[in-house]
Amino acid sequence: MGYLDGFRVTFNRLFEERVTTEYPQEKRPKPERFHGRHVLNRYEDGMEKCIGCELCAGVCPAQCIYVRGADNPIDDPVSPGERFGYVYEINYLRCIHCDLCVEACPTEAITESKMFEFSFANRQDAIYTKDELVVDDDGKPQRQPWELWHDGDDALTSGWMRATAPSGSAAHVGQVGWSGELGYGVRSPELGQTAPSDDDPDGGQG
Amino acid sequence: MTDLASASEVNETGVNITINGVRVVAPKGELVIDAAERNGVYIPRFCYHPRMEPVGMCRQCLVEVDTGRGPGLQPSCMLTVSDDMTVDTESETTKRAQEGMLEFLLVNHPLDCPVCDKGGECPLQDQTLAFGPGESRFVEEKRHYEKPIPISDLVYLDRERCILCDRCTRFAKDIAGDPLIHFMHRGNETQVLTFPDDPFNSYFSGNTVQICPVGALTARPYRFRARPWDLAEVESTCTTCSVGCRVAVQSSRNELLRYEGVDIESVNHGWLCDKGRFGFESVNSDQRLAGPYLRDVNNSDQLVGTNAALEAAATAIGAGRGGGGVGVIGGARLNNESAYAWSKLARTVIGTDNIDAQLADGLSAQMVLSLPRATIADATSADNVVVIGTDLKEELPVLFLRLKGAAQSGRIKLTELSLLVTGLSKHASASHRYVPGELAHAVGELLASNPQLASGSTVVVIGRPSAADFPDEVEAAVGVLTAGLPLATFLPALRRGNVMGALDMGLSPGVLPGRVSLDEGRDWFGSVWSSLPGEVGLDTAGMLEAAAAGRLDTLVLLGADPLADVPDRDLVERAFAGVGSIVAIDNFVTESVKRANVVLASTAFAEVGGTTTNLEGRVSRLGQMITPPGTARADWMIAAELAWRLGGDLELESLAQIWSEIEAVAPSHAGCTLEVVEAEGAIEGVVVPIPKSPDLAGAPSGPASIRWSAPALAEPPSVDGYSLRLVARRKLYDAATNTQMAPSLANLAEQAQLMVHPGELRRLGVESGTRVNVTSSRTTVVLSLVGDAAMPRGLAVMGLRQPGLAASELIDLRAAITELRIESR
């Protein structure tokens, strides 16, 4: 019967579950710790988390991050403490989304969203400045016209669980590692973590 | 056999000790911490600094030491080696002690490393990582203070971060001699503070930032500008003054951000003055001249391309060459190579000997080049040091530090002869005053009353005491000195950055490169240079007088601002009015540059490499770190371009090629090849002339070095009982362009005022601070008159170039002294 065998395979597949997604109208769900475009987070009171310490720029293997710090204005501070990120730029033509910047950040200011689809019409658009990276007043990433955002892409963007607690203390393993974020509050614990207890109000931040 | 001999030799000067099981020999008196480091064992430390006396404050360098009485913990920075000592830096006890110290230090030290300027280059960070316990058992709240408080205009103090190592306070007290910061309170509350209402206004405050082992002291100009891993670094030599301190120039993204002192034994011991350390701000200034411009007859500026500007400059110089003459003023800002290029351009292409790197405010070039030269090392180890004239603290601050340190340790006997009490006076064994115009007589009296100066080695540091006096008196005084102390060596205290290099390269009338006079060097240079001017030219004063009389067509200002710097403003005004055209080559549009017809932009420090020469004659490398702004060019390139447009050719192609020509042509620089200057371990530079090796003694050499004979002793000027004699002194911070263009330094300059003894105030019947009319032979000005008991009677003291009013308005360059009449208004 020859060629009819081949048609039978095709015919049988018609009744099976379809694996194709209609990208870009729909996206497949991403792993929770997917490395997409970065955001710069803010505290629940609206202050920026970035302190301009340049550790992300120092660790970046692609050298795509440019940061400069400045003295916080006393009457209208941008971030808690003395110093804030005055300039913050990421060049997405260079970024390899390795997430070392997120790992290095001492204040969890920089995290990655699940959005990786951006197409630039020019090289300048590929350099994201602080205005574009910092989350909006609701704690959600700002959507640029050339980016493909779907609902849900911005979920779970602004938190990151380290392998150890920020203090490096092994005793804190198993507790919720992240602090409160604008738009998200304090997260619920992940698998294997316990919720912050009353006598450790900072959630194991050390 | 030889091993035995050397071992017994060592035993006389050294002792045998065991460090971590290895037997080593250490010289007697060496500290254990140094002996260990020399043998490759690093002992952690915070308070110990090799250039300061140990105090044993931090206890971090505890190691287990056995001197025969059993092992015990001892601070290795307080313990000198002794025979058969056993040191164990890796024992369990040592480790526990060091971990414990770090844990204690971190009890109160905040972990704000990400926002701390020291983070990334912090000894506390590094040593905690290398020697620390890794975990802290302290959970208590840390000590809190107000975050950084300014303790001076330049330095911030963050008391939370301080670990009380005593480095800054020891530096301020022992090294700088400005004990303005001190420990206060007791126990847990101990903190470093200034005295109330008395800020840490030391000329050396930046050094405390550099030696702070944590981020407690930070510098305002560098605060939050970059992190250590941003910085690219090149080693260079500071050209703020002629001491030539070795610096590490650090930049990020083509912008200078910081200078750090590099420790070299022969010059700066790692210290810098604040003017040098923070002077980089003027290089970054947005007021830098970024390109050439022309000024037309309507006094309007016209930006032009480099070619058009060079053409205009060549036309102006060509007109002067064909007509009334050309004069070149300035050149102490240039590196050696550019100075040589300009020397060659003036002599061979322009055909003039009218060239002078000093602005009538220095010393005779013939005298400076012919005197037997001392090094700073000589001056800090001689039996006697005589400092004549200048206030080294204000003019050459790091030389002041070195001499002060040597005097304090008792190594040298310091004698001072000056117009006023200087920064060095209280450290001198004897400090004498003299009256303006009578320096030579005062030197004669000094020699007569101090016969010990003639016995033993004597180094004389001589500078220009006051710009208000005619410099002949300094020459006459040196004549008295050389006659009375024939074996003395001299350290000329000229102030401008590379003025010694400029003089060595012949930027002075009658002087050719290599410390040779025009007449003596005529044959030698005639064979390598295409032509030489026929007769000796004019110095700056002579050029200005010729221009004022209409006998000079073109003035070239080579990084010079005569209106501000020549101590006779009236003469400069007349010269500028009388001269045909002015060509200026500069970094900034200074007052004098505003009067120029053609302006070319040139490079500043760290924008061009090459070499520089300090006051000892030490040739050292300059490092290029950043690119010049706009179309600014190196001065030697401008010289080469001008030569070409004037129909000549300097045959200079690169800095390296220029240096090899200097080495071949200049007799004093023979043997000082680039390989020698750049050799491994030659960060200290090379002092020229390099002594000839004996096997070359018979080889043909160049012309004889320059000679100088002292002028005859003049009668002291007669006393006018109604007048006060003006002393125009230099302060470290003044209205000079490079200071005013550095925002952190600009405000440190004191306003101009006239200081007199309170007795003079009573004689005049005015209160201190009153504004009075001050009349000299030049003009009448209004100044505020301030009483100060430190001022001698009969003198009126003002800064040569303070903001408000420059003393140069009052001075007649040719007068022996400047007398002032003061009247209340």
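Predicted model: local features only at pLDDT ≥ 70, side-chain atom pairs only at ≥ 80, totals over all residues.
Local features are given only where pLDDT is at least 70, and side-chain atom pairs count only at pLDDT 80 or more, whereas totals for chains, interfaces and linings use all residues. Residues are numbered from 1 along each chain as its sequence is written, chains are lettered from A in the order in which they are written, and side-chain values use heavy atoms, with hydrogens and water left out.

**View 1. The interface of chain A and chain B.** Chain A and chain B bury about 1300 Å² between them, 50% of it on carbon and sulfur atoms; buried area is the accessible area (1.4 Å probe) that two parts lose on being put together, summed over both. On the chain A side, R68(A), E82(A) and R83(A) lose the most area to chain B, and together they make up 46% of what that side buries. The contact (heavy atoms within 4.5 Å) takes 15 residues from chain A and 18 residues from chain B.

**View 2. A salt bridge between the two chains.** Five salt bridges are found across the interface of chain A and chain B, each being a side-chain nitrogen of Lys or Arg within 4 Å of a carboxyl oxygen of Asp or Glu. In one of them, R223(B) is joined to E82(A), with the closest N and O atoms 3.0 Å apart. Both α2 (55-59) and β2 (65-71) of chain A supply at least two residues of the side that touches chain B, and β2(A) gives the largest share of that side, five residues.

**View 3. Helix α3 of chain B and its surroundings.** Helices (H or I, at least four residues) and strands (E, at least two) are DSSP runs, numbered from the N terminus. The 17 residues of α3(B) (residues 92-108) should span 24 Å at 1.5 Å a residue, and the end C-alpha atoms are 26 Å apart, which agrees; the expected span is 1.5 Å times one less than the number of residues. The buried residues of α3(B) include T94(B), M101(B) and L105(B), where buried means under 20% relative accessible area (1.4 Å probe, protein chains only). The buried residues of this helix pack against β3 (62-66), β4 (71-75), β5 (85-88) and α4 (123-131) of chain B.

View 4. N16(B) has V25(B) of β2(B) as its bridge partner. Two residues lie between the strands of this hairpin, and N20(B) in the turn has a positive phi of about 50 degrees.

Key: Buried < 20%, exposed > 50% of the residue type's maximum accessible area, 1.4 Å probe, protein only. Pairing = 2+ DSSP bridges.
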